[in-house]
Amino acid sequence: MRLKVTRLRRAIKRELTIQFGNEQLTSYGGLELLRRYFQLIGLSARIRRALGKHAGGDYGSTHLLLLVIGLLVVGARRLGHLRYLAHDSLFARFCGLARVPSDRTIVNWLKQFTQTSLHALMRLNSELLYAQIAKLALRRLTIDLDGTVIRTGGKVAWAARGFNPHHRKHPSYYPLLAHLAQTGHILKLKNRPGNVHDSKGAERFVRELIGEMRAALGRRLTLEFRMDAAFFQQKLLKLFTRLGCFYAVKVPFSNWTGVKALVAAQSRWTAIAADLDCFETQLALAVWGLELRVVVYRKRVHHPSPKNYQLDLFSPDDGYFEYSAVATNLTLTPQAVWSFAAGRGAQEKTFAELKGEFALDVVPTNHYAANSAWLQLSILAHNLMRSFQLHSTLALPKPRSPKRTYSYRIASMKTLRFLFINRAARLTRISGRKTLRFSANSATEGLYDRIAHRLAA
C-alpha cells in the first residue's frame, strides 16, 4: 500500500521540555542477561573465594569487582564515569548494590591490592578461562606472546621511557600478554615498566603458564607458541624443547645468527606462492648449543624494503624482496609454517579491542599495584564477554584456517553493545512481580529470547 507523503513527515513546532525525575529507567537492559550468565558460572562465589581476605570496605570486594566489570562492559573508560551511572537501577542491581559508590571509593580499593591479592585475581581469571577451554574440548592451543605499550603520566609509579616509536618521550608500562588464538581470550598478563626488553621475564612467564595449563587441562593437550624476533632467546627455546611444546619464532637478521650470510649465499629458492619463495636449512648456533630448523622466506614487493637490516645485498636487479626467517620445531611444510607464523597478526585485533573497548590503555591512579589490578580487571571483563558469546551461541564455529586464528566468529564489543547491552528499558512491577520492560522490537525480542533460553538450558 502506498502511503501519502504527509503521513511520512511530522511537524516540530516547539522544543521539548527537559526534566529529570526519579524514574526506574535503564540504558543497559542487556546487563540482566549478563547477570544471569554470571550467576550460572557462580562468579560471585568464585570472587569471594579468590579475594576473601582482600579488604573491600563496607561494599565488599565482590560487589566492587562486579561494578568495575559492569563499568567496562557498558563502555565507560574512566572511573569518573560512575557518576553518570549512579542512578541507573539495573546497573546497581547488576552489581548487587542498593547504592553505587563514588569513584574515590574504587580508587582506594584498587590501591589496597598487593602482590598476594593480584595473584589471587590472576588465578580467578585462569580458573574461569580454563573451565571455558575444557568445555570447548579443543585438541590444541595456539598461544601468541607479545607486549603492548600503555602510555602513562609522568608521576605514575614504575612507569619508564621505553621503545615507543609514536611517543618517544612518554613514560609507559609494557605488559606482556599471552593470547589464545582460537578464541581471543587473554590467558595471562604480567605488567612491566616501559623500559624493559620485549622478552624480559618471558621465560618464567611461559614456564608458569604451561604449568598452570597442564595442571588444569592435562598434559595430553598440544601447546604451540608463536613469537616475534624479540623472543628468539636461548632460555625460551630450550624451555619449549624440554617441556615438549611446539613453537614458531622469527629469527633476527643479526650477524651473530648467520642468517644474513645464508641468504646471500643461497642461489636456489623454492616457489610456494606467486610472490613468495623459500628455502629450508638447519641453523647451528654453537654459542647456544642448539641446532634449529629454520625456514627463510623472501616476498616480492614493488617498492624498496623499509627494513634497515635488509641491505642492497638482498635487492636483486629484477625487483625488491622482503626477507624473514622462522625457527620452528613443527613438522609442517614451509608453506604451512608461513601461514602459521602469519596468523600471529590476529592478536593485534584483540589488543585493539582491549584498549579501545575495555580501557586497557587507561591508567586510573599513580599507584603501581592499583594500575596492575586495573589491567587484570580489564582482561577479566574481556574474557568474560568472550566466554558469554561462546556459551550463548552468539559465537558460531568457523572453518579451519591454516593460519590457526579464531575458531569462532566472535562479535566485537561495540557490536554486542549495540545488539543487546545498551538497550533502554523500564523497571516496573506487573502482577506483583518486578519486570524489565523494553520497547517492542522483533529483532531485539528474538535475540533476547534466544540468549535467555540458552542461559536457562
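User: How do you know which residues and atoms count here?

Analyst: In this predicted model local features need pLDDT of at least 70 and side-chain atom pairs count only at pLDDT 80 or more, while totals for chains, interfaces and linings use all residues. Residues are numbered from 1 along each chain as its sequence is written, and side-chain values use heavy atoms, with hydrogens and water left out.

User: Why is the space lined by E353, F358, H382, M385, R386, Q389, A411, M413 and L416 called a cavity?

Analyst: On a 1 Å grid over the protein atoms alone, a cavity is a set of points where a 1.4 Å probe fits but cannot get out, and lining residues have an atom within 4 Å of a point. The search of the whole structure finds 1 cavity of 30 Å³ or more, and those residues line the largest cavity, so the term cavity applies to the space. Its volume, the space filled by probe spheres set on points joined across faces, edges and corners, is about 30 Å³.

User: What makes α12 the main contributor to the lining of the largest cavity?

Analyst: Helix α12 (368–391), a DSSP run of H or I with at least four residues, gives 4 residues, the largest share of that lining.

User: What makes the space around L85, A86, H87, D88 and S89 a pocket?

Analyst: A pocket is an open set with protein on both sides within 12 Å along at least five of seven lines.

Methods:
Helix = DSSP H or I, 4+ residues; strand = E, 2+ residues; numbered from the N terminus.
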